[in-house]
Amino acid sequence: MKTYYVSVDGGGTSTEFIIANKHKEVLKTYTVGSSSYKSVGIEKMLKNLQKGFKHIFEDFNIEMKDIEHIVFGLSGLDNQKDYDLVTNKILELGIKKEKYTLMNDSILAYYAQTKGPGFVIILGTGGIIFALDKNGKTKRANGWGYSYSDIGSGYWIGNQILYYTLLFCDGVIEYAPIFGKVMSFYKVDNYEDLAYKISEISEVKEIASLSRLMTENIDVDDYVIKEIEKKMRIYFSKAVFKLYKEMNFKEEAKISIVLSGGVFNSQHIRKLIKKSVEEGVDSDKIEYFTQKNSPSLGGIHLMLDNNIN
């Protein structure tokens with residue numbers, strides 16, 4: 001009888017399913033729609049999960065009972081209420097409680113790259129920091145929502161750019177080159193029209209896309225970019241150090257830090273975050289990883305390396 005393991009990485013845009021054997025060999029990968037209930041709603045989340053398992057059942061001629069264990073790493077799991085709500089829906093899939101593990105998708109990203117104690121810092125459209133000890137205990141910072149948190153994310157950077165641009169439009173601050181980049185981005189001819197254009201923006205992804213106006217123009221002498229960078233440096237140096245102390249990482253000989261998400265495509269941002277972290281953590285203790293493996297592999301590693309099933 002063959003033994004199968006499934007890892008599910010559910011984000012705000014899409015969900016990746018990986019099915020593997022007991023030797024950690026990936027047999028097939030599937031992609032369906034979002035399984036973040038905060039993005040698409042709880043019923044749509046369930047339908048997309050059902051769709052992914054249907055692909056697996058048809059291709060491998062198996063049923064849910066034939067899968068040894070499943071790890072779900074889903075976006076939007078921020079508190080016990082979230083876990084309870086999603087757990088009830090997962091049980092509707094016909095999975096026994098002892099046959100699955102549920103966690104925030106950020107944790108999958110960490111274990112896809114490494115294991116042991118450390119941090120995963122994710123800066124994509126949104127942002128979050130997770131600290132994980134050698135026993136799997138976690139603590140987090142950031143990622144409390146686009147409106148108030150997610151510092152360093154694409155959305156946050158874009159929002160900051162728009163914030164300063166509107167201050168300039170109102171005549172409150174001096175000109176910075178990035179304001180011209182924003183005007184070109186929106187293809188308007190004057191700053192009065194630009195202010196009205198900005199006031200109509202409502203899409204998170206559109207705001208996040210503006211972050212490249214900063215990450216692609218780091219070398220420009222621009223006081224606004226420098227101010228945004230300063231806010232990021234202060235936040236990450238303090239937030240990571242707080243978690244470092246709370247997790248008692250001072251006792252560890254080595255810790256890993258995984259940098260994941262599209263914002264880290266900028267070499268300058270990677271250096272900025274590393275420098276910020278090392279203001280409170282001895283750099284000799286840190287081994288950095290960038291996200292090379294698919295986050296969904298983290299579930300396979302957890303099941304077969306740490307025997308969580």
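**Exercise 1.** Find the residue in E2 that Asp-9 stands opposite.

*Solution.* Asp-9 faces Glu-16 in E2. Strands here are DSSP runs of E with at least two residues, and helices are runs of H or I with at least four, numbered from the N terminus. This is a predicted model: local features need pLDDT of at least 70, side-chain atom pairs count only at pLDDT 80 or more, and totals for chains, interfaces and linings use all residues. Residues are numbered from 1 along each chain as its sequence is written, and side-chain values use heavy atoms, without hydrogens and water.

**Exercise 2.** Decide how H2 and H3 are oriented to each other.

*Solution.* Step one: H2 (residues 42–60) packs with H3 at about 40 degrees, and their axes are 10 Å apart. Axes are lines fitted to C-alpha atoms, for helices over the stretch in contact; angles run from 0 to 180 degrees between N-to-C directions. Step two: under 35 degrees is roughly parallel, over 145 roughly antiparallel, 65 to 115 roughly perpendicular, and the rest oblique. H2 and H3 are therefore oblique.

**Exercise 3.** Name the residues of H2 that meet H3.

*Solution.* Contact means heavy atoms within 4.5 Å. Ile-42, Glu-43, Met-45 and Leu-46 of H2 meet Leu-85, Val-86 and Lys-89 of H3.

Note on methods:
Pairing = 2+ DSSP bridges.
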